[in-house]
Each structure stands twice: as structure tokens, then as C-alpha cells.
Amino acid sequence: MSFASNDSATKQSAGIAITAEEIAEQGITASEDVARYALYLGDDALMLGQRLSHWISRAPELEEDIALGNIALDLVGHARFFLTYAGTAWGKTEDDLAYFRDEEEFRSCRLVEQENGDFGQTIARQLIFSYYQHELYSKLVESQDETLAAIAAKALKEVQYHQDHAAQWLLRLGIGTEESHRRIQEGLYYMWPYIDDLFHDDDVTAALPGIAVQPSSLRENFDRRIAEIISEATLELPQVDQAWGGDRSGEFSEARGHILAEMQVLARQFPGATW
Amino acid sequence: MNAPQADHLKAVSDAALGEDEQAAQNYFDQLISEDSRVEPRDWMPEGYRKTLTRQVSQHAHSEIIGMQPEANWITRAPSLKRKAILMAKVQDEAGHGLYLYSAAETLGTPRDVLNQQLLDGKAKYSSIFNYPARTWADIGAIGWLVDGAAICNQVPLCRASYGPYGRAMVRICKEESFHQRQGWEILYELSHGTPEQKQMAQDAVNRFYGPALQMFGPPDEDSPNSKQSMAWNIKRFSNDELRQRFVDMMVPQAEALGLTLPDPDLKWNEERGHYDYGKLDWNEFKSVISGHGPCNVQRMQRRRAAHSEGAWVREAAAEYARKMEAHNAELIGA
Amino acid sequence: MSDTTQNTREWPLWEVFVRSSRGLSHVHAGSLHAPDATMALRNARDLYTRRNEGTSVWVVPSDAILSSDPDHKGGFFESAQGKSFRHATYYTKSEGVKHL
């Protein structure tokens with residue numbers, strides 16, 4: 001069926017960009033160390049994509065259903081890149097890793113696992129994570145691992161938009177009404193205790209100089225930039241202690257089990273099935 | 001501040017002022033008889049405007065409510081690829097709803113009014129979305145059968161006499177072509193998978209086939225408004241013509257899937273050159289569309305919840321815009 | 001503010017124009033609602049360019065657009081009718097003469 005039309009505003013194309021299938025087919029095998037690092041990146045993106053996708057059909061306005069859907073779609077895309085690449089080290093597919101690992105085998109940070117809450121809480125989580133991810137990918141594009149660098153290059157452009165989306169909403173909620181100011185401020189307080197998790201160097205990152213980005217190296221820019229936007233939104237930078245017990249070696253939030261129970265339920269009913 | 005759309009839309013009602021109504025009607029009739037297009041600021045008979053507003057907004061509501069059965073499976077999609085596809089598809093549906101609201105607004109009714117009609121239960125939407133999506137195979141059946149029926153309905157609407165509606169349909173049809181294929185592919189994978197998967201696929205087709213045929217609306221003899229819609233070049237084919245076309249397309253597609261269509265009376269009629277098909281349960285249709293389907297209550301509840309829980313966000317953004325405008329005005333004044 | 005509750009909550013309407021590739025004009029794609037210009041641009045990206053339909057997007061408040069000849073009675077464009085001498089095809093004597 002074709003819909004010939006002179007209306008150039010509907011001319012479509014798939015565009016040119018890296019895909020998960022290409023990573024699987026290019027025949028490159030990640031080392032064990034690189035794969036462990038790729039899991040960090042992939043699991044964060046997967047958990048947040050899963051969380052955000054819940055907003056689709058529930059957003060404050062239809063335009064926002066689409067915006068949040070776009071961001072969630074980007075994140076699931078990033079997860080597919082990183083998990084596919086990680087899987088090459090162990091002969092596993094992205095789906096083996098997403099659907100058939102148990103809770104303690106995931107390596108996501110606690111921030112991305114936190115509940116959506118209201119729109120303010122979601123935007124607070126988006127703000128922190130997209131600002132972090134922006135710093136991260138800005139450096140990962142220089143990784144000596146070409147695949148990680150290529151994924152980061154694609155993801156960085158998308159994350160720039162996620163960051164802008166979060167910042168625009170932070171301003172509107174912070175400056176908008178009394179109620180919105182209160183809600184976004186509460187959202188920031190809710191998410192703030194999980195920030196440190198993002199910036200821990202550990203044996204995985206330390207084993208990959210020049211390949212992995214050392215998380216602690218991102219902290220200064222992150223702190224400065226996030227403080228600026230929070231102040232511009234007339235909000236207060238939360239002064240709270242960090243929550244105990246958050247590293248990626250197996251510490252995780254209560255929420256993770258619920259996220260995985262929902263995400264994995266069907267795939268696990270039919271192990272080995274194709275979809 | 002005025003309602004923002006007011007100026008944009010006011011011209012519509014002013015259009016015929018000071019003019020001879022008959023001359024305007026003649027011009028409209030001429031446009032229709034030439035199979036030309038009617039554009040927003042043209043004079044049009046009230047019936048035409050009302051019919052279109054109702055049809056286009058119902059169509060928009062259907063897209064928006066239609067997001068729900070599929071959104072239910074985004075978080076449980078069985079592979080990351082399917083998850084991504086489904087997210088893109090449901091997101092498209094929000095987009096299609098917006099294209100259609102955008103077309104409906106050009107007829108003079110603002111989106112918030114149309115939306116309120118939906119929330120108040122005064123506006124209808126396609127009854128198919130009141131059926132539950134219980135299994136993953138239902139996502140396949142919705143794509144293949146429901147989107148398939150929708151496309152069958154929509155392709156002729158690309159030539160609808162009302163310009164903005166036709167243009168919205170062109171955009172929607174272009175985007176929807178992937179929706180039906182991905183649904184068919186889901187069912188194909190299932191029907192070529194384990195016996196349990198195949199059973200899941202057959203069960204979904206059994207449940208969605210009848211309601212999908214009903215998406216074309218009541219039989220022609222019970223559809224009195226269709227004639228007028230066709231005379232106005234809004235509709236190009238009758239309900240039964242489109243339904244027949246759809247059945248004829250589905251039979252070979254079901255065969256290619258290795259699944260059966262749940263209709264014992266379905267058989268090729270050499271004389272007519274079409275498939276004969278069994279009677280549909282129109283009592284069920286009437287009951288579901290008037291609010292008594294399996295999920296009517298949940299669908300409406302979710303829509304209302306999204307709207308009311310989002311109110312503070314919409315207000316905040318509007319208030320921010322006002323503050324910024326005031327701030328800028330002050331800077332200019334200073 | 002003297003606005004009704006409804007007006008304080010509803011976002012204004014914007015018209016969206018998309019340039020599909022370099023070298024082409026922006027073409028009207030449709031409309032959307034957004035609280036302000038910044039968000040309108042972002043919503044336009046999400047709504048009208050999900051499949052690479054655009055390299056550039058314009059948004060314009062719908063009420064900022066003035067329309068010619070709102071009644072579409074044709075008078076506005078009548079002057080251009082019948083002036084075939086504005087078109088090259090009017091001049092037939094030069095048929096067969098090259099590069100003219």
C-alpha cells in the first residue's frame with residue numbers, strides 16, 4: 001500500500017544510526033571486564049526505561065505521553081546496545097540478560113529503580129539521571145573501546161534531549177504554582193539520597209582505564225550543573241545525607257524485585273521460546 | 001487573556017455573515033460535486049460540521065483509549081525488541097489522537113471541550129477497546145485484526161472531503177502500515193512456536209475477530225447516517241462493503257499464519273467473488289458500545305485519573321508561561 | 001487574573017511547520033497544544049518528526065496567523081485569473097526557436 005503524497009512534511013525515513021542487531025552481528029566479543037561494565041550501563045538504562053514506560057497512557061497531557069514515551073524508548077534502545085554487547089562475552093543475547101538474570105545479578109543503581117511517584121518525582125529522577133548520563137556519555141565517546149564509544153555517541157545525542165526535557169519541566173514546576181513548587185521539591189528530596197551511588201569507582205571501572213569512565217570523575221561537573229538548574233528553578237538544593245548501602249556489587253532497592261517480576265513474567269513462563 | 005484558540009476559530013462561524021446562505025450552500029455543494037476539498041474557513045452546513053466533529057473526535061478518542069490495552073503489555077513484553085516496538089506503536093497512537101484532535105479543532109470545537117465530552121461519557125469511542133488484552137497474543141491480534149480493520153476503514157478516509165481530516169488520515173495511514181505488520185508478525189512467531197504459544201495465538205484471534213468485524217459499524221440497513229456521510233464524500237464505501245473487503249483480505253492472511261478464523265459459515269462464494277461470512281452478534285456490539293463491555297469502566301477511569309492527576313502539572317506550565325510573559329513585558333517596559 | 005479556571009489550565013494552540021530536508025520550504029504539518037513556545041517546539045519534534053520527517057521545525061501561535069479571504073469567495077484571488085499573458089505558454093509565435 002502506498003500513500004503517494006506531495007506533502008513533504010510526511011516524508012519518512014529510518015535514518016542512520018547504530019542498532020542492537022548490528023552490534024550482535026559485527027562479530028566483536030567484549031572482554032569479561034568490559035562486559036561487566038556494559039552491564040552497569042545497560043541495566044541502568046533498562047530499569048529507567050521500564051519505569052518511564054509506565055507513564056505511557058497516564059501522562060498529564062497527551063503531548064507528554066509522547067515525550068515520556070520517546071525518552072523511555074531511547075533508554076530501552078541504549079539498554080539493548082549495552083546488553084547485546086555485554087552478552088558477546090558470555091554467548092548470551094540481550095534477552096537472556098534482561099529476562100533470565102535474577103535480582104542479585106542486575107547491576108543497576110538504586111536511583112533508577114525508585115518509584116515513579118507523581119510527575120514531580122519522575123522529573124526529579126529524570127533530572128538527576130539525565131544530568132549524570134550526559135556527563136557519562138560525554139566522556140565515554142572517547143573510550144578506547146570502539147563499541148562503547150559508538151554506543152555513547154548515539155546515546156549522547158538522545159540524552160541531551162532527555163536532559164533538556166527534565167530541565168524544562170524543572171523550571172515550570174519550580175516556578176509555576178505553589179503546588180508544583182512543593183511537589184517538585186519533594187521529588188528532589190525523595191531521589192537525592194541515591195545520588196552517591198552513581199559516582200562510586202569500583203573494581204569494575206578501575207580494571208578498565210581508558211575504556212570505562214571513572215564515575216568519580218563526573219561528580220564535579222554534575223554537582224555544578226545540577227545546582228545551577230535547581231537554583232534557576234527557584235528550588236532548594238536538598239541537604240540530606242546519602243542512603244546507606246548502595247554499590248553495584250549486589251546492593252539494590254526493594255523495588256527491583258517488583259520491576260523484574262513484572263518485566264520477566266511472560267518470558268519466564270516460556271523459557272527458550274521465540275517471540 | 002482570551003481563550004487562545006478563539007481568534008483562530010472565530011472566522012469559522014463568521015464566514016457566512018452578510019452573505020446569502022443559499023449562495024454559500026451552492027458553493028459548498030459545488031465543491032462536493034467536483035470532489036474538491038472543504039477547508040476550515042469555508043462555509044459548511046451545520047450538519048456537515050456536526051457530523052465531522054463527532055466522527056473525527058470519536059476517532060481521536062478511540063486512538064487515545066486504544067493506547068490502554070496495549071500499554072498494559074509494554075512492561076511485560078517478552079523481548080526487548082518487542083518492548084521497543086510496542087512502545088513506539090502506543091506512542092504513535094497518542095500521536096494519531098493528536099493529529100485527529102488537531103483536525104477536529106479546525107471545525108470550531110477546542111480540544112479541551114472534546115476531551116471533556118470523553119471524560120463525561122458523552123462521547124463514544126470504538127467499542128473494540130473495551131475488550132481486555134489478556135495475553136501477549138492479544139497484542140498480536142490487536143495489531144493484525146484491529147489495526148487491520150482500522151486501516152481498511154481509514155484508507156478511503158484519506159480522500160474525505162474535509163481537507164484537515166483527509167490530511168490527518170494520510171499521515172496516520174503512513175504510520176499505521178507498520179502496526180498491522182508487527183501484529184501479524186507477533187502471531188506468526190507464536191503460531192510457529194510451542195503448542196502453548198500457538199494455542200495462545202488462536203485464542204486471541206478467536207476473541208478479537210468478531211469485534212474487529214464490528215468495527216466497521218452496523219449493517220448498512222441499520223446505519224441511516226451512512227448515506228448522508230457518503231453524499232458528503234466523507235465516507236466513500238458503506239460499512240458492509242468495507243467489512244467484506246476486510247474479510248476477503250483476512251482469510252489468506254490467516255492461512256499464512258496457520259490459524260483459523262472463528263466463523264463456521266466462512267466460505268468462498270464463487271458467484272459473488274467474495275467470502276460469505278456468518279452473522280455477527282449485534283446485541284453484544286450495542287451493549288459494549290453503550291458502556292457494558294468487559295473494560296468500559298476501567299478504560300474511562302484510567303483516562304479520568306490521568307487527566308485529574310495531571311491537572312497540577314498543566315496548571316504549573318500555564319502559570320510559568322504567564323509569569324515569563326509578564327517578566328518579559330516588564331523588561332521591555334523598563 | 002480574570003481568567004476562568006478553564007483558561008488557566010488549557011494550553012494554547014500552535015501551528016507546526018516542518019522542513020523535511022535542506023533546500024525545501026517549511027510545510028504546514030498540523031497543530032498541537034503547549035504551554036509556551038519552548039515546549040511547543042519540543043512537542044512538535046516528538047509529534048511530527050518521529051520518523052525523520054524533519055530537519056527543522058517552526059511553531060507559530062495559531063492566533064498569530066492571519067488568513068486571506070476568510071470567506072473563500074474567491075475575490076481575493078480574482079485578479080490573477082485570466083491574465084494568461086503572465087505565463088510563458090501565452091507566447092506561441094516563438095515555437096521552434098531554440099533557447100527562448
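Student: Is His307(B) buried or exposed?

Tutor: In this predicted model, His307(B) counts as buried because its relative accessibility is 18%, and the cut-off for that class is under 20%.

Student: Which helix is His307(B) found in?

Tutor: His307(B) belongs to helix 12 of chain B, which covers residues 296–309.

Student: And what does His307(B) touch, leaving out residues up to four places away in sequence?

Tutor: With those sequence neighbours set aside, His307(B) touches Asn115(B), Leu119(B) and Arg314(B). With Asn115(B) there is also a polar contact between the side chains, at 3.3 Å.

Student: OK, switching to the interface of chain A and chain B. How many residues of each are in contact?

Tutor: On the chain A side 54 residues take part, and they are in contact with 54 residues of chain B.

Student: What area do chain A and chain B bury between them?

Tutor: The two chains bury about 4800 Å² between them, and 67% of that area lies on carbon and sulfur atoms.

Student: How many salt bridges and polar contacts are found across it?

Tutor: The rule finds two salt bridges across the interface of chain A and chain B, and one of these joins the side chains of Arg111(B) and Glu63(A), with 2.7 Å from N to O. For polar contacts, the rule finds 16 residue pairs across this interface, counting pairs in which both residues have pLDDT 80 or more.

Student: Which elements of chain A give two or more residues to the side that touches chain B?

Tutor: They are helix 2 (32–53), helix 3 (62–87), helix 4 (94–99), helix 6 (119–140), helix 7 (146–175), helix 8 (178–191) and helix 11 (255–269) of chain A. Helix 3 gives the most, with eleven residues.

Student: How do the residues on that side of chain A divide by type?

Tutor: The side of chain A that touches chain B has 27 nonpolar, 13 polar and 14 charged residues.

Student: Last topic, chain C. What elements does chain C have, and in what order do they run?

Tutor: Chain C has two helices and three strands, and from the N terminus on they run α-β-β-α-β.

Student: What share of chain C is buried, and what is its accessible surface?

Tutor: Of the 100 residues in chain C, 33% are buried, while the accessible surface of the chain comes to about 6300 Å², with 55% of it belonging to carbon and sulfur atoms.

Methods
Residues numbered from 1 in each chain as written. Chains lettered and ligands numbered in written order. Predicted model: local features only at pLDDT ≥ 70, side-chain atom pairs only at ≥ 80, totals over all residues. Heavy atoms only, no water. Helix = DSSP H or I, 4+ residues; strand = E, 2+ residues; numbered from the N terminus. Buried < 20%, exposed > 50% of the residue type's maximum accessible area, 1.4 Å probe, protein only. Areas by Shrake-Rupley, 256 points an atom, 1.4 Å probe, with all protein chains shown as cover. Contact = heavy atoms within 4.5 Å. Buried area = accessible area lost by both parts, 1.4 Å probe. Salt bridge = Lys/Arg side-chain N within 4 Å of Asp/Glu carboxyl O. Polar contact = N/O pair within 3.5 Å; in protein donor to acceptor, adjacent residues only side chain to side chain. Nonpolar A, V, L, I, M, F, W, Y, C, P; charged D, E, K, R; others polar.
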